[in-house]
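Morning, everyone. Let me put the model on the screen, and then we go through some side chains one by one.

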Amino acid sequence: MGVVIVIVDELLKKFTKIFALPPLAVGIGIYLPPSLQTPLIIGAVLSYILERKTKTVEELEAGKKRGTLFASGLIVGESLIGVIIAGIVAVSVSSGGSETPFALVGADFQGTADILGLAAFVAVLGIFYKIVKQN
């Protein structure tokens, strides 16, 4: 399947100049669930917007460096927090405690949590945009 995708990608690049079928993007699309694909798509759109609003090659390269560093920091930070939370849950369960040691609210809070999560995501997108567009 991978070989076919690479061949199709090369043919599209050769004959259309607009369309492509990047094998990495296809692989991610097959492997990751939609809940993880959505931020990738939003990030790609934000990248496209930022590239179009950048006037010089120097600004573009500097913005890419800042954006890569910021995004890498977010990924590493999320990973570290995930490991810490998993460790706390494991200690809680192994000592006979709750499987949800961080539960502060009931299940009826889910709608509000979704809205707060979306607001936080939009805020991080705004911060990301400002960091990349710094002069």
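Start with Phe70. At 22% relative accessibility, Phe70 counts as partly exposed. The cut-offs are these: buried means under 20% relative accessible area, exposed over 50%, and partly exposed in between, with a 1.4 Å probe and protein chains only.

A word on the ground rules. This is a predicted model, where local features need pLDDT of at least 70 and side-chain atom pairs count only at pLDDT 80 or more, while totals for chains, interfaces and linings use all residues. Residues are numbered from 1 along each chain as its sequence is written, and side-chain values use heavy atoms, with hydrogens and water left out.

Back to the ring. The structure holds one aromatic pair. Its rings are those of Phe70 and Phe128, with centres 5.6 Å apart and planes at 50°, so the pair is tilted. For the rule: rings of Phe, Tyr and Trp (its six-membered ring) pair if their centres lie within 6.5 Å; planes under 30 degrees apart count as stacked, over 60 as edge-to-face and the rest as tilted. Where do the two partners sit, Phe70 and Phe128? Phe70 is in helix H4 and Phe128 in helix H5 (residues 110-132), so the pair ties together parts that are 58 residues apart in sequence. Helices here are DSSP runs (H or I, at least four residues), as are strands (E, at least two), numbered from the N terminus. Phe128 has 18% relative accessibility, so Phe128 counts as buried.

Stay on helix H4. Ser92 lies there. Ser92 is buried, at a relative accessible area of 14%. What does the side chain of Ser92 reach? The backbone oxygen of Ser98, at 2.7 Å. That falls under polar contacts: a pair of N or O atoms within 3.5 Å; within protein, one must be able to donate a hydrogen and the other to accept it, and residues adjacent in sequence count only if both atoms are side-chain atoms. Leave out residues up to four places away in sequence, and Ser92 touches Gly97, Ser98 and Pro101. Contact means heavy atoms within 4.5 Å.

Thr54 is found between helix H3 (34-53) and helix H4 (57-94). Buried or exposed, Thr54? Buried, at 16% relative accessibility. A polar atom of the Thr54 side chain lies 2.6 Å from the backbone oxygen of Leu50. Neighbours within four places in sequence aside, Thr54 is in contact with Glu59, Leu60 and Lys133.

Now the charges. Side chains of opposite charge can pair when their charged atoms come close. The rule for a salt bridge is a side-chain nitrogen of Lys or Arg within 4 Å of a carboxyl oxygen of Asp or Glu. By this rule the count comes to two. Lys13 pairs with Asp9, the closest N and O atoms being 3.2 Å apart. Lys13 also meets Glu10, at 3.9 Å, N to O. Together, Asp9, Glu10 and Lys13 are linked in a network of salt bridges. Lys13 and Asp9 both lie in helix H1 (residues 2-15), four residues apart, about one turn of the helix. Glu10 and Lys13, also both in helix H1, are three residues apart, about one turn of the helix. Asp9 is buried at 4% relative accessibility. Lys13 is partly exposed at 43%, and Glu10 is partly exposed at 44%.

Which residues make the nonpolar surface patch of about 630 Å²? They are Val76, Leu80, Ile81, Ile84, Ile85, Ile88 and Phe102. Patches are made of residues with over 30% relative accessible area and no salt bridge; like charges are joined within 9 Å, nonpolar side chains (Val, Leu, Ile, Met, Phe, Trp, Tyr) within 5 Å. The areas come from the Shrake-Rupley method with a 1.4 Å probe; for residues, only the protein chains shown count as cover. Ile88 is found in helix H4 and is partly exposed, at 37%. Ile85 is found in helix H4 too, and counts as partly exposed at 36%.

Last stop, the segment after H5. Gln134 lies there. Gln134 counts as partly exposed, at 44% relative accessibility.
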